[in-house]
Amino acid sequence: MNETTRIAWRVRGMDCASCVAKVTKAVERLPGVSGVEVNLVGERLAVDLAPGGVEPEAVARQVRALGYGVTAIAPAMGAVPVGHGHAHAHGHDHEDPSDAGKPWWATGKARLVWTLGALVGAAWIAAHLVPSASHWLYLAATLAALVPFGQRAFALARAGTPFSIETLMVTAALGATVIGAAEEAALVVLLFAVGELLEGIAAGRARAGIQALVALMPRTALRRRPDGSTEEVAAERLSSGDLVLVRPGDRVPADGLVEEGQSALDESPVTGESVPVARGPGDPVVAGSVNAEGALVVRVTAAGEGSTLARIARMVEEATATRGRTQRFIERFSAWWTPGAMVVSALVALVPPLLLGGGWGTWIYRGLALLLVACPCALVISVPAAMASGLSAGARRGLLVKGGAALEAIH
């Protein structure tokens, strides 16, 4: 059996299931690539590369061509070979990687919305004061959006997705501009940009739910030296067998067993148990719980990525990547919707004039109007955003649900 190598990247800017489908399809087309896994909420792409196939950098270039930021999170050289098993590895106006950590109103998506909003607002005012300038301002707003959207539609077409949402929107806006409906064209690109901003906010909130779990883990710990004194070290530097001092009010930095002391621990952030539980010598404690009373000395049994809290966060991230029945239906629906909408719009524009004697201007306008309202972005993101929010909210309350299918089953 030829061994494959598992490689993973962090992909910035994915904000809906359509993004996942675009990345997956573009990467699957590369020679030697298999086992493609894309996690929307975790912002991760993992693939199995066969010997003699493409280089890891070729995969990254393919994804960057779609407008996403890509950084490796596993070394390309020296990666662990795997067989057929799958290891966990951690469009739209996609975010610049520099937007990470910024509030939503300061991101690239938001700046585009503010620019378009200002141009459309100025055009509306000009329509009442200087009507001749209104058309050009609407046209400027349309072109300001069509440049990035058009580049992305072209990149998606080259990557194997010719009927993308971007293609639909760009075609409709260009058609509206050609027939002199610059106001409608400007409004549709503004609404598209606003929709993308809202999708980004929704995806960001879902990711924030997982990050909130990780934030429960303290960054530092008081490790006891052999002479009985303590030193402050980074929590990830702890290893099994270390002794750590947990003072009243501190969070437990790692899973372990109590060596000395008696106290009550608030474990609600991890287990959901609302009442503090008594802990004494020999009792287990979990990372992220809060020491409510006396000082404890804890012997570490699992730290860092091996702790209970880290495993919960990892399981929630994995669960957000599993799709329920409704989500799978929506994704299949969206794959057919865009080409279907374009075909129907073409029929609306062509059939009445050719066969029924209708006016060309009237029916072309109606066909383009149909394109303007056919974008399924909100529908496509609704289910995965709701699933991710539900899984993250449950995890923060100590309820771990293994995937969207299970969440659907329990309603």
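Visitor: At what angle do helix H4 (residues 131-158) and helix H5 (residues 165-178) pack?

Guide: Residues are numbered from 1 along each chain as its sequence is written, and side-chain values use heavy atoms, leaving out hydrogens and water. Helices (H or I, at least four residues) and strands (E, at least two) are DSSP runs, numbered from the N terminus. With axes (lines fitted to C-alpha atoms, for helices over the stretch in contact; angles run from 0 to 180 degrees between N-to-C directions) 9 Å apart, H4 and H5 pack at an angle of about 145°.

Visitor: Which strands are the edge strands of the open sheet of six strands?

Guide: The order of this sheet is S7-S6-S8-S14-S9-S12, with antiparallel pairing. Two strands pair if DSSP finds at least two bridges between them. Pairing on one side only marks the edge strands, S7 (230-234) and S12 (284-285).

Visitor: Which residue in S7 is the bridge partner of Leu222?

Guide: Strand S6 (residues 220-224) pairs with S7 in the antiparallel sense over five bridges. In S7, Leu222 has as its bridge partner Glu232.

Visitor: Over which residues is the pLDDT below 50?

Guide: The chain has a mean pLDDT of 80, and 81% of its residues reach 70 or more. Where pLDDT is low, the predicted coordinates should not be read in detail. The pLDDT is below 50 over residues 74-95.

Technical notes. pLDDT = per-residue confidence, 0-100. Contact = heavy atoms within 4.5 Å.
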